[in-house]
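Please keep the sequence and the structure in view while reading.

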Amino acid sequence: MRRLWMSLLLVPVLAVAVPTAALASSSAPAAATTTTSVLQLGMKGSAVKALQRRLAALKYYPGAIDGQFGTDTLEAVWAFQEVQGLPGRDYVSSAMQRALAKPRAPKVLDRGAGANRIEVNLASEVLVLYHDNSIELISHVSSGGGYYFCSPGGGCGYAITPTGNFKTIVYMPGWVQVPLGEMYNPVFFIGTAYAIHGDTEVPLAPVSHGCVRIPMDVAAFFHKLVHIPGEPVIVRR
């Protein structure tokens, strides 16, 4: 599970119209003022900072609001694209620019599970944390990849993330060794087998053995936002 993430590459794209006013806004749609530039991994500047502020206002976590488009910001961009039903891109497309001005909220999976809950949507690969039925955090995830594998400890099966209603059980700090590798800051919700945990590889595709992987920057504080044990964890496909 603990592998260096070397798959992030700059994607060559054509210039698109970037409504910087819309990025800076946290509520109302922006005016039509635009600049012709592209926001993508590796860039820096005021337009990137405006993007980060907008994502943060919408409860996505772009990392530090520092004007640098790093992997933390990229993962927040992915999460936003997933919620909006947009293709996953390593850059901010014109369609994403329009969605930032007038975004749609994540699909609610089970409001009746409690005002404070964790919802994992396997169809969109998104985790949403609710406090008092208000969104506290939206994160990109990578869930079970569906492939067949055999555990070094014995037993074979398919890499599937179970669906259902669960509850947080225990949190283990730091890197935790398990038969299939390592988990960072895991919050277990099915015994000590399935957890929401950090990993250095959380790509757009579902690739885990069944756990719910979250970005390392989110995993650094996620356990502080949830009640352990007992917070509802809703997993749906």
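Accessible areas come from the Shrake-Rupley method with a 1.4 Å probe, and for residues only the protein chains shown count as cover. By this method the protein chain exposes about 10,600 Å², and carbon and sulfur atoms supply 57% of that area. The model is predicted: local features need pLDDT of at least 70 and side-chain atom pairs count only at pLDDT 80 or more, while totals for chains, interfaces and linings use all residues. Residues are numbered from 1 along each chain as its sequence is written, and side-chain values use heavy atoms, with hydrogens and water left out.

The protein chain has five helices and 16 strands; helices (H or I, at least four residues) and strands (E, at least two) are DSSP runs, numbered from the N terminus. Of its 237 residues, 48% are buried, where buried means under 20% relative accessible area, exposed over 50% and partly exposed in between (1.4 Å probe, protein chains only). A contact means heavy atoms within 4.5 Å. Among the contacts in the protein chain with a separation of 6 or more, 55% are between residues 24 or more positions apart.

The empty spaces come next. Rolling a probe the size of a water molecule over the atoms shows where empty space is left. On a 1 Å grid over the protein atoms alone, a cavity is a set of points where a 1.4 Å probe fits but cannot get out, and a pocket is an open set with protein on both sides within 12 Å along at least five of seven lines; lining residues have an atom within 4 Å of a point. Grid points are joined across faces, edges and corners, and a volume is the space filled by probe spheres set on the points.

A search of the whole structure finds one cavity of 30 Å³ or more, and about 50 Å³ of space lies in the largest cavity. Helix H3 (71-84), strand S7 (134-140) and helix H5 (216-225) are the elements that give two or more residues to its lining, and H3 gives the most, with four residues. By class, this lining has six nonpolar, two polar and three charged residues; Ala, Val, Leu, Ile, Met, Phe, Trp, Tyr, Cys and Pro count as nonpolar, Asp, Glu, Lys and Arg as charged, and the others, Gly among them, as polar.

The largest pocket has a volume of about 250 Å³. Of the 14 residues that line it, the closest to its centre are Phe 149, Leu 180, Ala 193, Tyr 194 and His 209. Its lining has ten nonpolar, four polar and no charged residues.

Among individual residues, Glu 119 sits in strand S5 (residues 117-121) and counts as buried because its relative accessibility is 1%. Its side chain makes a polar contact with the side chain of Arg 117 (2.7 Å), a polar contact being a pair of N or O atoms within 3.5 Å; within protein, one must be able to donate a hydrogen and the other to accept it, and residues adjacent in sequence count only if both atoms are side-chain atoms. The side chain of Glu 119 also reaches the backbone nitrogen of Leu 109 at 2.8 Å.

Some backbone details remain. A cis peptide bond joins Ile 228 and Pro 229, with omega about 0°. Asp 132, in the loop between strand S6 (126-131) and S7, has a positive phi of about 55° although it is not a glycine; Asp 132 counts as exposed because its relative accessibility is 61%.
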